[in-house]
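Reader: I am new to this structure and would be grateful for a close look at a single part. Might the account begin with the strands and then turn to the charged side chains?

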Amino acid sequence: MGIYEELQERGLIAQVTDEGEIRDLINGGGARFYIGFDPTADSLHVGHFMALCLMKRLQLAGNRPVVLIGGGTGYIGDPSGRTDMRSMMTPETIQHNCDCFKKQMERFIEFGEDKAIMVNNADWLLKLNYIDLLREVGAHFSVNNMLRAECYRQRMEKGLSFLEFNYMIMQAYDFLHLHRHYGVNMQFGGDDQWSNMLAGTELIRRKTGDDCYAMTQTLLMNKEGKKMGKTAKGAVWLDPEKTTPYEFYQYWRNIDDADVMMCFRLLTFLSMDEINDIANWDDSRINEKKELLAHELTELVHGREEADKAQSTAREIFAGNLSAEDMPTEQLSDSDFMDGKADILQLLVAARLCPTRSDARRMVQQGGVTVNDEKVTDFRLSYTKDELKDGIVLKKGKKAFRRVVF
């Protein structure tokens, strides 16, 4: 089985421009392909994780990845999948986010001579002359066709800015630049990028006469048709400072039963024989499946040691045997205190158990918060620094908890 057939069996392929050519290219290790990542935050998240896994699979099959960091397109913001306009970021924020992305990607992709390379489209997009771009590129785009693209249609109701309207042109120009200067012949991306990717292959054909190809991968959606990788606190990040290895593990441990085998196929590097064997396990082993999935994915992102630790912690919590010293711990700082005290709402936010004080207040009022196994009923409850020196065990619901210490 070639890598193309494996991607098909895993359910990773959504749309392709020329199936025969793409199959031959990637099965023969002849694809020099790119995937773009816009630096909209200072960490990659689960949505990016799927793209990184695809990149790794293709590299292991002998193909050459080009990681494109969108330091230039980040100034505009991709309207795909959006009903509102993205916040505009400062150049300093964009650069910081690019630096964070690079550090995280090096865990997945092997960079170096004759291996993967990383480029930043700020290096060419920020130098473009507007008139030259209009003449060289703009003449090849039909506004009528662009407005029919799904990525724009869903933004039209609330108003599509001219800034965002240029995003497709910028992405197509990226593909042209990478083809000319790096020999890139394929682009991969999420299924919501299809229109932008087709624009790139067409621009290359018109400008160079060459054939290049595009393939979209399945989006990570649960059985209800919603994107996976979000919790009540927001995105599931790959940065351990934003989503701890334990939280990452727990996210996958607690997914819906109906989504487990899909995640094995789309995200893990277990062989299809192994996955098919797991699929045949008796329904009574569903928790065993979930533990295995959570461990595999946590190991991929955070390493074997952190995956083992997260699994052990989860099991100890379930058995009620976990000591306070072994719990995930949040270290408080002076900024968490006002007049020498920190109230329960601040502690819940600082411990990343609740995203906001209002959410924390609701949890307290609903009886969902305990401190050292005692239910908290007063949202005005506060603690001094001395009272927190030895730490307290803060728990939200039955599964989310932290030891909080100053």
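Author: In this predicted model, strand β11 (residues 369–371) is joined to β12 by 2 bridges, and the two strands run antiparallel. Within this pairing, Val371 has Glu374 of β12 as its bridge partner. Both strands belong to an open sheet of 5 strands, whose order is β9-β15-β14-β11-β12 and whose pairing is mixed. At the edges stand β9 (329–331) and β12 (374–375), each of which pairs on one side only.

The charged side chains may be considered next. Side chains of opposite charge can pair when their charged atoms come close. The model contains 16 salt bridges. One of the salt bridges joins Asp343 to Arg357, with the closest N and O atoms 2.8 Å apart. This pair links distant parts of the chain, since Asp343 lies in strand β10 (residues 341–343) and Arg357 in helix α18 (residues 357–365), 14 residues apart. Arg357 has a relative accessible area of 39% and is therefore partly exposed.

A further salt bridge connects Glu202 with Arg205, where the closest N and O atoms are 2.5 Å apart. These two residues are 3 residues apart in helix α11 (residues 194–208), so about one helical turn separates them. Glu202 is partly exposed at 29% relative accessibility, and Arg205 is likewise partly exposed at 41%.

Arg285 and Glu288 also meet through their side chains in a salt bridge, at 2.9 Å from N to O. Arg285, at 30% relative accessibility, counts as partly exposed, as does Glu288, with a relative accessible area of 38%. Finally, Glu5, Glu19 and Arg23 are linked in a network of salt bridges.

Definitions and conventions
Residues are numbered from 1 along each chain as its sequence is written. This is a predicted model: local features need pLDDT of at least 70, side-chain atom pairs count only at pLDDT 80 or more; totals for chains, interfaces and linings use all residues. Side-chain values use heavy atoms; hydrogens and water are left out. Two strands pair if DSSP finds at least two bridges between them. Helices (H or I, at least four residues) and strands (E, at least two) are DSSP runs, numbered from the N terminus. A salt bridge is a side-chain nitrogen of Lys or Arg within 4 Å of a carboxyl oxygen of Asp or Glu. Buried means under 20% relative accessible area, exposed over 50%, partly exposed in between (1.4 Å probe, protein chains only).
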